[in-house]
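Please read it with the structure open.

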Amino acid sequence: MRRPALALGLVLLAAACGSQAPEQAQPPSPSASATSPAAKGEATTIVEPTDGPIKRAAAADLVIWADDTRSPIIQKIAEKFAADKGVKVAVQQLEFGDIRDNLVTQGPAGEGPDVVIGAHDWLGKLVTNGAVAPLELGDKLGQFKEVAIKAFSYDGQVYGLPYAIENIALFRNTELAPETPKSFDELMKVGLDLVKQKKATLPLALQVGPEGDPYHFFPIASSFGSGVFDVKADGGYDPAKLLIDNEGGLAFAKALDGWRKSKALSADVTYDIAKEAFNSGKAPFQLTGPWNTDDAVKAGIKLAVEPIPSAGGKPAAPFVGVQGFMISANAKNKLVANEFVLNYLGTPEVSKELYDSGKRPPAMTSVYEQVKSDPIIAGFAAAGDIGQPLPSIPAMDAVWTEYGHAERDILLGKGDPVKLMKQAATKIRDKIGD
Amino acid sequence: MTDLARSGQRLGSLAGKLLLVGLVNALAVYGLVATYAVRDWGIFAVILVATAAVDYVYFSRRTLASRYLLPGLIFLLIFQVYVVIYTAYAGFTNVGDGHNLDKPRALQHILAVSEKRVPGSPPYKVQVLAGPDDRLHLLATGPDGRTTLDGRPATGVPADHRVLPFRDLVGRQQEVLALRVPLQDGSLRTEDGSTGYIAKPTLRYADDTLTDTVTGTVYRATERGYFESADGKVLTPGWKEVVGLDNYVRAFTDERLRAPLLSVFAWTFAFAALSVLTTFALGLLLALTLNREGLRGRGIYRSLLVLPYAVPSFLSALVWTGMLNQSFGFVNHGLLGGADIPWLNDATLAKVSVLLVNLWLGFPYMFLICTGALQAVPAEVNEAARIDGAGPWQLFRRVTLPLLLVSTGPLLVASFAFNFNNFTVIYFVTGGGPNIPDAPITLGSTDLLISAVYKVAFGGAGREWGFACAMSTIIFLVVAAISAAGFRRTRALEETYS
């Protein structure tokens with residue numbers, strides 16, 4: 001989920017020059033509406049510096065915040081929108097992670113955007129802070145995959161137009177491991193054998209890092225029947241019902257301890273070490289997401305993307321993250337924002353263009369059908385079909401750290417795995433109860 | 001110098017002063033206009049007072065000393081005093097996730113979100129019309145093909161009405177968004193000007209309470225900054241509210257915080273003291289070594305030693321984290337030939353590791369100031385001591401070191417205060433870890449007070465800025481007290497040796 005840092009402080013005035021040009025003399029047109037002056041629409045992209053609060057682009061009818069990978073496409077659609085409707089659009093390019101926090105702080109100050117691109121798991125924070133407005137998708141609801149709509153729903157309202165689905169899957173180096181492993185045990189056996197033969201340094205590239213990594217370990221935990229939160233009647237997660245230390249969660253803890261003893265997993269593997277090992281052909285398998293596909297292929301790895309095999313007998317369900325467009329609750333131009341999101345961004349053509357730039361499985365069913373012939377996309381989708389939306393409730397903030405610490409401490413052999421998992425669960429319940 | 005020349009010089013300096021103060025005033029006028037335009041009265045007043053002070057001090061004859069102090073004083077007030085006071089004030093509020101808005105805005109948002117589309121109701125094709133009096137009307141066509149104007153049956157656009165094009169809707173969107181046409185069991189509204197839905201509010205506001213129209217639950221505004229029902233259910237967002245001493249009281253009375261924070265305080269003190277001691281010792285040793293006249297390549301050595309200081313500290317810290325990795329790091333693998341030392345994974349070794357990394361980051365600074373201070377020690381003093389029969393150790397212990405401490409003492413105190421809150425090194429090298437599983441809160445063995453507070457305030461369900469500010473204020477008071485005591489000690493040194 002890392003994105004390359006932007007060039008700092010760079011301000012592009014790409015299309016802004018257009019506004020300096022003298023207005024061309026228009027021949028009087030009888031069809032022009034009497035009250036509406038023939039306003040000329042335009043769209044500009046502004047690259048924002050990565051430090052300090054962002055200020056809303058002035059004098060625009062519609063302001064969109066997007067990150068560097070998506071802003072070029074949005075700029076294109078914005079140009080069409082501007083020309084069709086005769087409005088001024090500004091696309092402000094931010095670091096992806098900065099969009100969320102700036103929306104919360106700058107929105108109420110009147111410096112926020114009308115539309116943002118974002119991830120569904122921001123919703124807890126955005127909704128509790130009153131930063132986003134519900135979006136009425138109407139008939140469009142049925143055009144998206146169910147998991148995408150479920151992810152963008154919060155307290156019974158839909159808050160975003162989903163466009164891409166993101167989840168981790170099993171990356172397999174088909175030269176090192178020609179067969180799809182049927183189970184997690186088989187995967188580990190293949191990996192450990194390769195390490196023994198000195199053909200690999202890691203049996204499975206699975207990042208742990210200094211804080212543990214519950215996101216990447218979740219499919220394994222869920223295959224033991226564990227989870228993070230139980231589901232309420234309305235489909236949302238229930239923060240009062242933590243599942244990490246249920247029967248399955250404790251079995252998962254013991255399994256981690258076993259993999260520590262067999263040296264199949266190590267707490268010292270970081271994101272960089274895992275990626276480097278797989279991309280240099282020194283690990284037959286990696287659990288990772290679409291953000292690493294390009295680099296693996298570029299490194300010359302013969303890559304297969306497949307569902308994650310089960311370790312505990314139940315399906316290995318990864319967390320599913322959904323990206324989409326949201327409308328700020330503090331939008332200055334909500335009407336324009338709604339028109340743009342619903343009727344310009346929410347089309348199969350735009351969805352396809354966004355797919356072409358980022359290669360994330362599309363959330364729109366019809367577009368997914370067009371692209372599923374790509375085996376990598378189909379692999380991610382197959383892994384994600386059994387997935388569950390990443391919880392977006394604020395209580396999730398309390399889970400990440402302690403759940404990660406428990407996994408890491410077990411892999412470091414710091415004590416009884418069952419006790420470590422239970423201690424973490426107690427601390428999380430404590431924090432949520434506050 | 002002749003009188004003429006002197007008065008000419010005075011005229012020149014007056015012109016220079018007028019130019020500079022004029023520039024300051026011009027900037028101030030610009031600032032005043034800009035802040036007036038956005039109605040920011042706080043900053044407006046600050047600029048006004050500061051400019052008046054500048055004009056008075058630089059043109060009055062009785063304020064010579066203030067002329068040198070004023071610029072520093074203004075910056076001190078804005079960047080230090082104001083920040084500390086504001087932080088302390090925020091510690092008296094509940095500001096944080098869920099409490100970022102003021103109350104009217106929070107209420108407005110809750111009501112807006114509570115207006116939900118009636119489940120299963122069909123979409124309507126709508127057009128926004130302007131009537132002869134320029135008021136807006138909604139022309140809606142249902143899925144059954146029937147057309148209504150403001151809820152009454154209609155056949156099309158009436159002759160005296162006109163359809164507003166999108167461009168005109170943009171200018172009047174607040175009016176368009178506020179349009180509600182009673183239809184069936186709710187009201188028709190449009191959010192994009194082309195499609196309408198029947199929606200119904202699910203909350204009703206009266207007497208500072210919100211009532212759920214379906215379940216009848218009553219939510220009252222409480223001093224916690226929420227609309228809260230009798231059984232403790234809250235509506236989000238809440239609002240900012242002054243909560244008095246709550247945050248400060250929690251810092252001292254929360255059982256789960258007290259014991260861990262006491263042990264963290266002890267380690268923080270040790271970390272800061274040892275960091276100052278080790279960096280100063282190494283810096284001084286190197287400074288003494290390279291202070292010898294006639295050492296070849298002295299300039300090169302000195303430049304090389306300053307290099308760690310020239311690299312941003314978080315970058316060095318990240319590199320060190322990688323190098324100290326137990327299984328894959330360069331230290332174990334490259335330097336120690338495949339050793340398996342848990343540099344960052346063991347509680348005690350991790351403490352040693354952060355001290356070592358901080359030594360690497362900090363000694364060039366000490367080296368620089370010691371080199372400077374050594375050159376200021378008069379050669380006669382050393383010579384006199386040598387004639388009196390002092391050996392090299394005695395010379396260092398009795399003459400050089402005390403004289404050095406006079407000039408470096410205040411910097412050592414400052415370095416202690418800086419390391420007391422050295423979030424960067426801890427955050428990037430160990431993240432506070434290794435984790436202590438038995439601790440009642442999220443805590444690591446190398447956590448300093450500041451990073452422990454960060455974990456407590458921002459590691460739960462949402463960020464608690466108010467609590468973080470209260471804790472920061474307490475830490476500020478601790479550091480201020482220690483620094484004050486330290487400065488008193490250095491003043492005593494100064495009196496003895498000067």
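**Notes on strands, interface and domains**

1. E2(B) and strand E6 (residues 162-163) of chain B pair in the antiparallel sense, over two bridges. Two strands count as paired if DSSP finds at least two bridges between them. Helices (H or I, at least four residues) and strands (E, at least two) are DSSP runs, numbered from the N terminus. Within this pair, B:Leu129 faces B:Val163 of E6(B).

2. A word on the basis. This is a predicted model, in which local features need pLDDT of at least 70 and side-chain atom pairs count only at pLDDT 80 or more, while totals for chains, interfaces and linings use all residues. Residues are numbered from 1 along each chain as its sequence is written, and chains are lettered from A and ligands numbered from 1 in the order in which they are written.

3. Back to E2(B), residues 124-130. Five of its seven residues are buried, so the strand is largely enclosed by the rest of the structure. Buried means that 20 or more other C-beta atoms lie within 10 Å of the residue's own; exposed means 12 or fewer, and partly exposed is in between, with C-beta atoms placed from the backbone.

4. Six bridges tie E2(B) to strand E3 (residues 136-141) of chain B, antiparallel. Here B:Ala130 stands opposite B:Leu136.

5. Now the domains of chain B. The assignment gives domain 1 (13-90), domain 2 (101-114 + 206-244), domain 3 (115-201) and domain 4 (250-497). These bounds come from an automatic or database domain assignment. The centres of domain 3 and domain 4 of chain B are 68 Å apart, taken over C-alpha atoms.

6. Next, the interface. In chain A, 51 residues are in contact with 43 residues of chain B. Contact means that the C-beta atoms of two residues, placed from the backbone, lie within 7 Å. Which helix gives the largest share of the side of chain A that touches chain B? H11(A) does, with seven residues. That side divides into 18 nonpolar, 17 polar and 16 charged residues. Ala, Val, Leu, Ile, Met, Phe, Trp, Tyr, Cys and Pro count as nonpolar, Asp, Glu, Lys and Arg as charged, and the others, Gly among them, as polar.

7. A:Pro108 deserves a look. A:Pro108 lies in helix H3 of chain A. It has 22 C-beta neighbours inside 10 Å, so A:Pro108 counts as buried. Leaving aside neighbours within four places in sequence, A:Pro108 is in contact with A:Asn330, B:Asn100, B:Leu101 and B:Arg105. Its C-alpha atom is 9.7 Å from that of A:Ser328, 220 residues apart along the chain.

8. Last, a sheet in chain A. Three strands form an open, antiparallel sheet in the order E12-E9-E13. Strand E12 (285-288) and strand E13 (303-306) of chain A are at the edges, each with a single partner strand, so one side of each is left without a neighbour in the sheet. Strand E9 (residues 169-173) of chain A pairs with E13(A) over four bridges. A:Leu170 stands opposite A:Glu306 in E13(A).
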